[in-house]
Amino acid sequence: MNATEVHFWPDNKKVTVRSGTTLLDAGRKAKVNIRTRCGAKAACLMCKVKVTDSSGLAPMNINERLKLGSQADEGYRLACQAKVIGPVQVTVPEDPLKAAIRAQLARQHDDDDLF
């Protein structure tokens with residue numbers, strides 16, 4: 001099998017994996033945190049990632065297409081299902097809890113600037 005590179009954003013981490021590796025496994029190898037709760041069974045939808053060019057990934061299986069619905073047309077893939085077949089760039093969305101904490105800290109910082 002051929003080896004290929006997966007580049008994860010916003011962490012700016014690259015990893016070389018064998019063709020056929022899922023994005024979830026590639027992320028683990030690169031030490032990129034991709035959330036999941038279902039054991040890679042496409043049930044929790046927490047591992048959604050975005051790719052701008054899906055030519056480096058195998059076509060979606062029917063289960064992934066059904067789970068993602070219209071988000072599939074927007075470039076989203078399930079990291080547990082998407083298999084690497086060529087170079088690909090992946091954007092991992094920020095964890096919602098971290099995003100909420102970051103937003104709250106920013107608001108507090110803005111409030112502190114008022115005094």
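Asp 25 and Arg 28 form a salt bridge, with 3.4 Å between the closest N and O atoms. The term here means a side-chain nitrogen of Lys or Arg within 4 Å of a carboxyl oxygen of Asp or Glu. Both residues sit in helix α1, three residues apart, which is about one turn of the helix. Helices and strands are DSSP runs numbered from the N terminus (helices: H or I, at least four residues; strands: E, at least two). Asp 25 is partly exposed, at 40% relative accessible area. As for the labels, buried is under 20% relative accessible area, exposed is over 50%, and partly exposed is in between (1.4 Å probe, protein chains only).

A word on the source: this is a predicted model, where local features need pLDDT of at least 70 and side-chain atom pairs count only at pLDDT 80 or more, while totals for chains, interfaces and linings use all residues. Residues are numbered from 1 along each chain as its sequence is written, and side-chain values use heavy atoms, with hydrogens and water left out.

How many salt bridges does the rule give? The count is three, and here they are:

| Pair | N to O distance |
|---|---|
| Asp 25 and Arg 28 | 3.4 Å |
| Arg 77 and Glu 64 | 2.8 Å |
| Asp 73 and Arg 65 | 3.5 Å |

Take the Arg 77 and Glu 64 pair, whose side chains meet at 2.8 Å. Arg 77 belongs to strand β4 (residues 76-78) and Glu 64 to helix α2 (residues 62-68), so this bridge ties together parts 13 residues apart in sequence. Both Arg 77 and Glu 64 are buried. In the Asp 73 and Arg 65 bridge, Asp 73 is exposed at 64% relative accessibility, whereas Arg 65 is partly exposed at 38%.

Now for the loops. Thr 22 lies between β2 (13-18) and α1 (23-29), and it's buried, with a relative accessible area of 12%. Which residues does Thr 22 touch, not counting those up to four places away in sequence? They are Ala 79, Cys 80, Ala 82 and Lys 83, where a contact means heavy atoms within 4.5 Å.

Cys 44 is in the loop between α1 and β3 (48-51), and at 19% relative accessibility Cys 44 also counts as buried. Setting aside neighbours within four places in sequence, Cys 44 contacts Thr 36, Arg 37 and Cys 38. Cys 44 and Lys 67 are 23 residues apart in sequence, with their C-alpha atoms 9.4 Å apart in space.
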